[in-house]
Amino acid sequence: MGKVPNMKLYKECPKCGIWAFGQYDVFCSRCGSKLKDGNEWLASIHDYAKSMLIDYLEHFPDLAMNACIQEIPSNATEGIRINGNVMFNQAATRHVLAECWNEVEIALDDWRETNGSDYPVTNIEQLHVFSVSQHAEMLWRNITSDFDGYKLDEETIGETIDHLKNW
């Protein structure tokens with residue numbers, strides 16, 4: 001995996017500007033030019049969710065320490081949930097979801113297991129936001145299953161960031 005946090009969702013052609021969404025794309029599908037970032041790892045939905053958690057804990061530790069531990073994933077994904085999208089481009093969102101469809105299904109399955117019903121999806125952007133948010137929830141449940149208490153402190157934030165970066 002690339003550097004963390006990794007929120008890179010596409011590679012851009014330096015010649016024609018088209019976006020490439022394939023993890024292993026090295027050349028532009030339109031003009032054949034070598035992609036300037038062809039060797040960079042794109043964030044999957046899981047990676048993106050992890051990066052959002054890391055970004056929140058690194059940049060807002062005071063808010064994280066004041067929040068109830070179960071609220072952290074919601075706080076970390078608040079921006080995309082309020083905006084209602086991750087990509088600002090419906091075609092790009094479709095490409096990302098197609099590349100990461102297994103992770104979309106994992107998020108939907110986790111929702112069904114946790115809530116006993118299907119998640120009501122109304123559009124493709126909502127499905128993408130839901131998938132990222134749900135993966136943040138799943139990651140957080142796994143990480144905090146051994147935590148004592150309801151709040152984070154500076155030490156547990158540091159440990160959590162290290163755990164997320166190395167997981």
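Predicted model: local features only at pLDDT ≥ 70, side-chain atom pairs only at ≥ 80, totals over all residues.
Local features are reported where pLDDT is at least 70, side-chain atom pairs count only at pLDDT 80 or more, and totals for chains, interfaces and linings use all residues. Residues are numbered from 1 along each chain as its sequence is written, and side-chain values use heavy atoms, with hydrogens and water left out.

Two packed helices are described by the angle between their axes and the distance between the axes. Here the axes are lines fitted to C-alpha atoms, for helices over the stretch in contact, and angles run from 0 to 180 degrees between N-to-C directions. Helices (H or I, at least four residues) and strands (E, at least two) are DSSP runs, numbered from the N terminus.

Helix α6, residues 101-115, packs on helix α7, residues 124-144, at an angle of about 65°, and their axes are 9 Å apart. The two helices are therefore roughly perpendicular (65 to 115 degrees; under 35 counts as roughly parallel, over 145 as roughly antiparallel, and the rest as oblique). The crossing of α6 over α7 is left-handed, a term used if the near helix is turned anticlockwise from the far one by less than a right angle, with right-handed used if clockwise. In contact (heavy atoms within 4.5 Å) are residues including W101, I106 and W111 of α6 and F130, H135 and M138 of α7. By class, this contact has nine nonpolar, four polar and three charged residues; Ala, Val, Leu, Ile, Met, Phe, Trp, Tyr, Cys and Pro count as nonpolar, Asp, Glu, Lys and Arg as charged, and the others, Gly among them, as polar.

Helix α1, residues 45-59, also meets α7: the axes come within 8 Å and cross at roughly 65°. This makes α1 roughly perpendicular to α7, and the crossing is right-handed. Among the residues that meet are I45, Y48 and L53 in α1, and V132, H135 and W140 in α7. The contact has ten nonpolar, four polar and one charged residues.

For α5 and α7, the angle is about 50° and the axes lie 9 Å apart, so the two are oblique to each other. The crossing of α5 over α7 is left-handed. Q90, T93, R94, V96 and L97 of α5 touch I124, E125, L127 and H128 of α7, a contact with four nonpolar, three polar and two charged residues.

C16 is partly exposed, with a relative accessible area of 29%, while C100 is buried at 10% (buried means under 20% relative accessible area, exposed over 50%, partly exposed in between, with a 1.4 Å probe and protein chains only).

Two loop residues complete the picture. F88, in the loop between α4 (78-83) and α5 (90-99), has a positive phi of about 60° although it is not a glycine. F88 counts as exposed, at 66% relative accessibility. D25 sits in the loop between β2 (19-20) and α1 and is partly exposed, at 29%. Not counting residues up to four places away in sequence, D25 touches K11, A20, L35 and G38. The C-alpha atoms of D25 and L35 are separated by 7.9 Å, with the two residues ten apart along the chain.
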